[in-house]
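Student: I would like a close look at a single part of this model. Please go through it in one connected account.

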Amino acid sequence: MRTRRFRAAAALAAAGALVLAACGGDDEEPADANGAANGDDADVEEPTSELPIVLGTTDTVTNVDPAGAYDKPSWNIAYNVYQRLLAVPLGETDPQPDAAESCDWVDDTTYSCTLKSGLLFSDGSELTAENVVHSIERQKAIEHESGGWELLATIESVEATDESTVVFNLSTADATLPYILTTAAASIVPMSYPADALQPNDQAFGSGPYTIESFDVTQQIQLGINANYSGDRPLNNSGVLLQFYQQESALKQAIEEGEVMIAYRSLSVTDIADLEENGADRGVNVVVGEGTEINYMVLQVSREPFDEPAVRQAIAQIIDRDAIAESVYRGTVTPLYGPVPEGVAGHVPSFQEQYGEPDVAAAEQILADAGVETPVSFDLWWMPDRYGAEIGDMYGEIERQLEDSGLFDVTLEQLSWGQYSTVFSDGSMDAFDLGWFPDFPDASNYIVPFFHTENFLNYGYSNDEMDQLIEVIRTDTDQDARVAAIEDATRIVAEEAPIIQLWQRDQIAAVRDGVTGVEETLDPSFIFYYNMVSGVEE
Amino acid sequence: MSTRTAGSLRTYLITRVVLFVPQVLVILTIVFVLMRVAPGDPVTVALGGQRSPEQLAQLRAAAGYDRSIFVQYWEYISGIVRFDLGTTIVDSRPVTQIFKVNGGATLTLTSSALVIALLIGVPLGLIAGRVRDTGLDAGLRVFGILTYAAPVFFLGLIFQLVFARNLGWLPSSSQASPLVLARVPSETNIFLVDALLAGDSAAFWNGVQHLILPALTLGLLLSGVFMRIVRINLIQTLRSDYVEAARARGVSEGNVVIRHAFRNALVPFVTILGLQVALLLGGAILTEQTFNWNGIGSQLVRYLDSRDYVAVQGIITLVALAVVTASLLIDIINAIIDPRVRY
């Protein structure tokens with residue numbers, strides 16, 4: 001009896017499974033309920049694609065309240081959900097009005113902006129000068145540990161003089177304020193955001209082109225169109241799905257299988273090479289844009305052997321950046337010959353001007369002229385878990401180049417980022433690797449934190465002339481004067497070589513056939529504007 | 001059931017449940033100690049270099065790491081009693097929420113893998129035991145050893161290469177396609193159930209397709225173990241007097257094997273099944289990582305990568321509790337179906 005009952009239950013279960021399977025099919029229907037408003041509002045352009053864009057990434061988003069994040073992935077969502085007073089348009093490097101109608105300096109420490117009229121948040125509330133005041137003040141009140149609020153440190157107070165005018169009073173002259181106002185830290189949030197606490201991620205909304213519809217940082221974030229958006233950005237899709245992957249290999253498989261339309265940050269160098277070579281057969285194309293992420297080697301100038309400028313100069317003379325870019329990174333990075341990367345105003349290939357091609361004989365001469373005994377021994381530190389798997393290979397190549405010269409004896413050392421981050425600024429390492437993402441595409445980002453006497457690296461570098469140039473870079477609102485100071489500073493860096501820049505990483509995405517607009521958004525601003533992308537059903 | 005039998009079962013169950021408490025306490029203590037012997041405090045390790053010393057000190061105080069080890073231990077244990085396992089350092093999520101959001105995916109994977117392991121391992125064990133010392137038996141034993149010994153991630157990668165990359169039959173990662181995931185409302189956090197609740201059969205089928213490779217990978221790992229256990233127990237029971245007696249009575253060989261030997265061979269198998277829960281969960285971590293499966297295992301790896309020891313401690317604690325609880329349940333079931341256990 002029990003046997004019969006079991007058989008009957010098993011048969012029912014099997015039949016049920018077959019029915020369910022029969023109800024399904026191989027064809028996946030595109031999501032038809034993305035919740036996106038599609039052009040009901042006259043101000044919103046009709047999206048050119050009905051499909052939501054599916055973007056796969058290995059990035060980790062932490063917080064989309066601008067007061068709670070200071071990382072690229074979170075900021076990138078903020079850039080698509082909120083407006084700022086100013087923004088750097090695609091392909092350009094200077095701030096232009098976004099939510100503002102205009103902005104200008106009143107004097108060295110006062111900056112005034114007039115807002116556009118008729119701006120609305122996605123909940124229908126109006127965006128006024130009070131929102132700007134609320135956004136800045138809550139950043140400074142919350143002081144979130146992520147540290148994004150520190151960008152606003154020179155803003156002493158901000159006031160709304162009328163409904164559409166906001167005035168920033170600075171504690172000291174700060175020529176970078178317009179750039180700072182383009183960052184996600186200066187995103188304009190609704191008045192309903194708590195003044196002293198973070199808005200929950202799944203309830204975040206702004207006046208930008210997208211609004212958050214679902215939020216799960218472990219799997220997927222869903223963005224729909226903000227029907228109230230009345231800004232200048234074109235809307236080429238009906239929404240965005242951000243799909244998270246833990247491994248680069250899984251992201252590559254997803255783009256090859258068509259599970260995602262775009263794979264952006266990060267594919268491994270070998271996967272990129274494979275997709276460049278064979279991707280077309282699988283319907284995948286590799287798109288490359290100019291990037292402003294840099295990698296560099298810091299030399300501890302406070303003590304031997306790098307307190308001797310000739311030792312630093314000799315290293316700068318030997319290192320072959322082209323070999324690194326080609327043999328280690330397979331062309332996915334561009335050799336960087338100065339502190340400011342290409343694409344940012346003030347870029348000068350100062351190391352190339354100073355040292356020319358890699359030349360061991362010239363390096364030997366530099367050391368001989370300074371009376372330095374060779375080989376010079378030093379420890380060179382790097383971390384395997386921060387800037388990509390290729391960093392180890394890169395330092396292997398640098399070690400080879402330096403030791404093959406017969407002038408240096410290099411001992412490579414590695415440490416995980418958890419420990420590395422606590423010790424790199426304590427002076428214990430002879431030389432060490434670090435990377436840098438700019439907050440905004442202004443050269444000051446690449447000069448001020450590194451070469452002022454009070455720098456975050458605490459590596460002993462100090463130069464009065466450099467400090468004076470940095471003062472100009474920081475405070476002079478005349479852009480020509482700033483660029484001239486940046487170029488001068490860049491040349492001093494090459495002469496003294498306290499830090500040797502190695503490469504700037506291109507921005508690379510893989511896209512399915514028919515996806516357009518990605519190339520346009522991969523510009524030095526390092527912001528992925530989702531609205532630019534359009535996809536077609538394959 | 002006689003009074004004596006009922007009494008001994010009750011005594012056994014009470015004893016087993018009472019022993020559960022010190023067993024859990026020992027495991028929790030081991031987890032606590034292991035997390036503390038690592039150098040540095042968890043806050044500094046997770047966020048060092050990204051926060052000022054003052055902020056780190058505040059976070060350390062907020063997390064209780066500035067208190068004595070005994071106070072921390074007491075708070076850890078009392079927190080578990082209140083089902084409060086703390087809040088993750090890197091993204092401020094309550095650890096219990098990780099189980100709520102990601103537990104369904106792990107449950108789907110492990111239960112499917114268990115079913116596959118049973119469907120493969122038990123029949124193969126039965127066949128191998130029945131045809132002992134033949135070429136087929138040898139082949140099945142090799143299969144059992146290989147599936148058990150092959151690293152899960154290796155098997156997973158092979159499956160991805162063959163069935164996803166080369167043949168294109170099945171997807172290689174995630175619980176469902178991104179567009180499908182987006183359109184199914186999350187009610188239970190178990191995707192297949194949510195798809196059924198939404199009446200979305202296409203989404204359900206999509207989820208099944210995504211489940212096949214990871215479940216097969218993990219299931220094969222266990223099937224080798226099951227096959228070997230069933231085989232050995234069947235061989236032993238086939239030598240028993242009562243089996244010989246059945247044969248002497250003229251019972252057909254098929255009935256002897258299935259009704260007499262096989263059913264009795266499954267009794268010790270139930271005990272072993274409980275022990276495999278730990279293997280199943282351990283394998284699930286690697287399987288989830290290989291297939292980008294958004295379960296507790298992949299979250300554990302994610303938080304390990306971020307050096308978020310609060311999250312890691314919380315996840316390990318709950319997984320350990322799950323294993324101990326499963327062990328308790330298996331012991332109870334065993335005591336009910338096998339009287340020898342309770343005497």
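How many helices and how many strands does chain B have?

Tutor: Chain B has 15 helices and 0 strands, where helices (H or I, at least four residues) and strands (E, at least two) are DSSP runs numbered from the N terminus. The model is predicted, so local features need pLDDT of at least 70 and side-chain atom pairs count only at pLDDT 80 or more, while totals for chains, interfaces and linings use all residues. Residues are numbered from 1 along each chain as its sequence is written, and chains are lettered from A and ligands numbered from 1 in the order in which they are written.

The C-alpha trace of chain B spans about 85 × 60 × 40 Å along its principal axes. Of its 343 residues, 40% are buried; a residue is buried if 20 or more other C-beta atoms lie within 10 Å of its own, exposed if 12 or fewer, and partly exposed in between, with C-beta atoms placed from the backbone. Taking contacts in chain B between residues at least 6 apart in sequence, 74% join residues at least 24 apart. Two residues are in contact if their C-beta atoms lie within 7 Å.

An unreviewed UniProt entry lists residues 103-334 of chain B as "domain: ABC transmembrane type-1"; such annotations may be inferred rather than shown by experiment. This span is 82% helix and 0% strand, and its end C-alpha atoms lie 27 Å apart.

One helix can be checked by length. Helix α4 of chain B (residues 69-81) has 13 residues and should span 18 Å at 1.5 Å a residue, which agrees with the 18 Å between its end C-alpha atoms. The expected span is 1.5 Å times one less than the number of residues. After α4(B) comes B:Phe83, whose phi is positive, near 60°.

The largest nonpolar core has 173 residues, and A:Leu55, A:Ile262, A:Ala263, A:Ala489 and A:Ala509 touch the most other members. A nonpolar core is a set of buried Ala, Val, Leu, Ile, Met, Phe, Trp, Tyr and Cys residues joined through C-beta atoms within 7 Å. Strand β17 (residues 499-512) of chain A gives the most to this core, with 8 residues. A second, separate core of 56 residues includes B:Leu155, B:Leu216, B:Val225 and B:Val319.

Chain A has 16 helices and 17 strands, and 51% of its 538 residues are buried.
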